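I opened this entry to keep track of what I looked up in one protein chain. The notes follow the order in which I went through it.

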Amino acid sequence: LFQALAKEKIPLIAPLTFTPDNNPNPADVNFYFLPSYAAQSRALVDYWLSRFSKEQRTTRPKLAIIHSDRKVDSDVATAIREQLSHNGLAVSMEISLPQPPLKLDAADLKKLELAKPDALFFIGTGKELASLAQLMPNKVHQPIFLGLLAMLGADAIKIPELNMTKMLLVTPFDLDDLKNSQFLAVMQKYSVGLQSPGLQRIACAAVNFVAEGLKRTGKHLTRNKFVRSLEETNSYPLEIMPPLLGLSRRQGIKGAYILTVDSNTGTLSPISEWVIPQTR
């Protein structure tokens, strides 16, 4: 389907991916709404450094990374290293594990124990985290856990063996209760079942964006004029995320919201507005 769309130069609006093509072919007409895993990770690193490293009262906070050797995971690890470098820091320890399944050996556990990182960024699925949590050293030192909610899944917040002082997760979706209830009312009005609110709201935003592009193009509609209208659309409201910026580069937004986890109730709570990672 993707090849057919590309061949005919048919615009693809808001494809549901966290791994957009960062170097698109000029002939491609894909308009991405969602920020990449890499952009979300950069935002989380900046937030942790600006808030929690100060609470830990250290000028050289130490971050460890654990990830699989999957390309998507390795790419996220690269983005984390680059963001730390932008802040004048380096990764204190990195463990790359072959998959499947992810398994820490004795040497890895010893390295993790000796490194005593202030935070641990885990890149992987909730199932992989659950298996690793059982092996993590249960010592006095407990790092802050950093992770991508979209990659881990909601079940990751309920892992009983996770030995962390605090859990910070990053997501591109606004969890504001009022906005969610308003969206639910719209879905109920049209008898649409709510199965995945975040993705369904992206789908609705994509439809509205297409309608906006058609209105801007006017009566004499051509494919090229329509694509140009989409590219020139600035600050288009999505509600679920900040407004889309200019889409001339076909990348809508960068950044994410930061959430914390109540370990007693296993619930997520937003603790930040939209965080845009610093760039050079």
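**Overall make-up**

I started with the secondary structure of the protein chain, which comes to nine helices and nine strands. I note here that the model is predicted. Next I looked up burial: of the 280 residues in the protein chain, 46% are buried. I then turned to contacts between residues at least 6 apart in sequence, and found that 62% of them join residues at least 24 apart.

**Strand E3**

I asked how many residues of strand E3 (residues 63-68) are buried. Six of the six are, so E3 is largely enclosed by the rest of the structure. I checked the directions of its side chains as well. Leu63, Ile65 and His67 point one way from E3, while Ala64, Ile66 and Ser68 point the other way. In a regular strand the side chains alternate between the two faces of the sheet. Both sets in E3 are buried.

Which strands pair with E3? One partner is strand E5 (residues 119-123), joined to E3 by five bridges and running parallel to it. Strand E4 (residues 93-97) also pairs with E3 in the parallel sense, again over five bridges.

**Nonpolar cores**

In soluble globular proteins, nonpolar side chains tend to be buried together. I looked up the largest nonpolar core here and found that it has 50 residues. Those with the most contacts inside this core are Phe33, Leu63, Ile80, Phe121, Leu146 and Met241. Helix H2 (residues 37-55) gives the most to this core, with eight residues. Apart from this core lies another one of 23 residues, and Ala64, Leu97, Leu129 and Leu132 are among them.

**Cavities**

Rolling a probe the size of a water molecule over the atoms shows where empty space is left. I searched the whole structure and got two cavities of 30 Å³ or more. The largest cavity has a volume of about 60 Å³. I noted 10 residues lining it, of which Leu5, Ala6, Asp28, Val29 and Asn30 lie nearest its centre. Helix H1 (residues 2-8) gives the most to this lining, with three residues. By class, I recorded seven nonpolar, one polar and two charged residues for the largest cavity.

**Second largest pocket**

I then looked at the second largest pocket, which holds about 370 Å³ of space. Of its 18 lining residues, Leu149, Thr171, Phe173, Leu175 and Gly198 are the closest to the centre. Which helix gives the largest share of this lining? It is H8, with four residues. Helix H6 (149-152) and helix H8 (197-217) each supply at least two residues of the lining. My tally by class for this pocket is 11 nonpolar, five polar and two charged residues.

**Pro270**

I looked up Pro270 next and placed it in strand E9 (residues 267-270).

**Positive phi**

Most residues other than glycine have a negative phi, and most peptide bonds are trans. I noted two residues other than glycine with a positive value. Lys116 has a phi near 45° and is found in the loop between helix H4 (106-115) and E5. At 47% relative accessibility, I count Lys116 as partly exposed. Ser191 has a phi near 55° and is found in the loop between helix H7 (177-189) and H8. Ser191 counts as exposed, at 68% relative accessibility.

Note on methods: Residues numbered from 1 in each chain as written. Predicted model: local features only at pLDDT ≥ 70, side-chain atom pairs only at ≥ 80, totals over all residues. Heavy atoms only, no water. Core = buried A, V, L, I, M, F, W, Y, C linked by side-chain atoms within 4.5 Å. Buried < 20%, exposed > 50% of the residue type's maximum accessible area, 1.4 Å probe, protein only. 1 Å grid on protein atoms, 1.4 Å probe; cavity = no way out; pocket = protein on both sides within 12 Å on 5 of 7 lines; lining within 4 Å. Points joined across faces, edges and corners; volume = space filled by probe spheres on them. Nonpolar A, V, L, I, M, F, W, Y, C, P; charged D, E, K, R; others polar. Pairing = 2+ DSSP bridges. Contact = heavy atoms within 4.5 Å.
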